[in-house]
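Trainee: I am new to this structure and would like to learn how to read its features. Could we go through them together?

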Amino acid sequence: YGALSLLTLGVSFARGESPIDTDEVWLDDLPEWSRIALSVGLGIALAAITIRASRFFVKRWGWAKVLHTDLRPAVRDAGDSTIVVLGLASGIAEELFFRGLLAPALGLALSSLAFGALHQLRGRAGWSWAIWAFVMGLLFGAIFLATGSLLGSIIAHVAINIVNLRFLRD
């Protein structure tokens with residue numbers, strides 16, 4: 001994740017662009033401070049809804065149970081500090097790369113497809129995980145492109161990763 005972040009920062013700065021905000025803002029008629037506040041609020045809301053939905057899906061749908069079972073070995077023995085570091089590193093690096101760098105360059109749909117493809121796994125739940133990641137990529141990207149701020153997407157992604165990795169482990 002460190003290498004992905006450094007790559008993103010290097011490419012962004014070489015192109016003279018910022019990886020944490022964009023000039024192509026859907027809500028450009030709002031003041032910048034209100035777009036940042038909206039980004040944070042939407043990020044918190046998305047995290048809360050996604051975390052609740054994750055538990056609901058695992059309890060009720062076979063594809064989510066299989067996904068949960070297939071992903072669990074990756075964090076079964078992880079301590080809390082490992083989960084926090086992994087959640088922070090993956091959330092920040094993936095948001096910088098997929099939303100901060102790719103979304104403005106390729107658009108929301110293609111950057112979300114790339115995000116989903118990165119999350120493709122072997123096994124029974126591979127496509128479920130990739131489709132889930134694609135949808136989440138659309139939502140993270142919509143927050144970023146609507147507000148021009150990556151802060152809400154980062155908050156959502158990090159919170160979802162940390163809480164759901166603990167859910168997987170426990």
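Mentor: Gladly. Let us begin with a term: contact means heavy atoms within 4.5 Å. Helices (H or I, at least four residues) and strands (E, at least two) are DSSP runs, numbered from the N terminus. This is a predicted model, where local features need pLDDT of at least 70, side-chain atom pairs count only at pLDDT 80 or more, and totals for chains, interfaces and linings use all residues. Residues are numbered from 1 along each chain as its sequence is written, and side-chain values use heavy atoms, with hydrogens and water left out.

Trainee: Which residues of α1 and α4 meet?

Mentor: From α1 come L4, S5, L7, T8, V11 and S12, and they meet A93, E94, L96, F97 and L101 in α4. By class, these are seven nonpolar, three polar and one charged. Here Ala, Val, Leu, Ile, Met, Phe, Trp, Tyr, Cys and Pro count as nonpolar, Asp, Glu, Lys and Arg as charged, and the others, Gly among them, as polar.

Trainee: How do I describe two packed helices?

Mentor: Use the angle between their axes and the distance between the axes. Axes are lines fitted to C-alpha atoms, for helices over the stretch in contact, and angles run from 0 to 180 degrees between N-to-C directions. Helix α1 (residues 2-14) packs on α4 at an angle of about 30°, with axes 8 Å apart. That makes the two roughly parallel; angles under 35 degrees count as such, over 145 as roughly antiparallel, 65 to 115 as roughly perpendicular and the rest as oblique.

Trainee: What is the angle between α6 and α7?

Mentor: About 150°, and their axes are 8 Å apart. So α6 is roughly antiparallel to α7. M136, F140, I143 and F144 of α6 make the contact with G152, S153, A156, H157 and I160 of α7. Six of the contact residues are nonpolar, three polar and none charged.

Trainee: And what angle do α4 and α6 make?

Mentor: Helix α4 (residues 80-106) and helix α6 (residues 126-147) pack at about 65°, with axes 10 Å apart. They are therefore roughly perpendicular to each other. In α4, E95, R99, G100 and P104 meet G137, F140, G141 and F144 of α6. This contact has three nonpolar, three polar and two charged residues.

Trainee: Which classes of residue line the largest pocket?

Mentor: The lining has 22 nonpolar, seven polar and one charged residues. Its largest share, seven residues, comes from α7.
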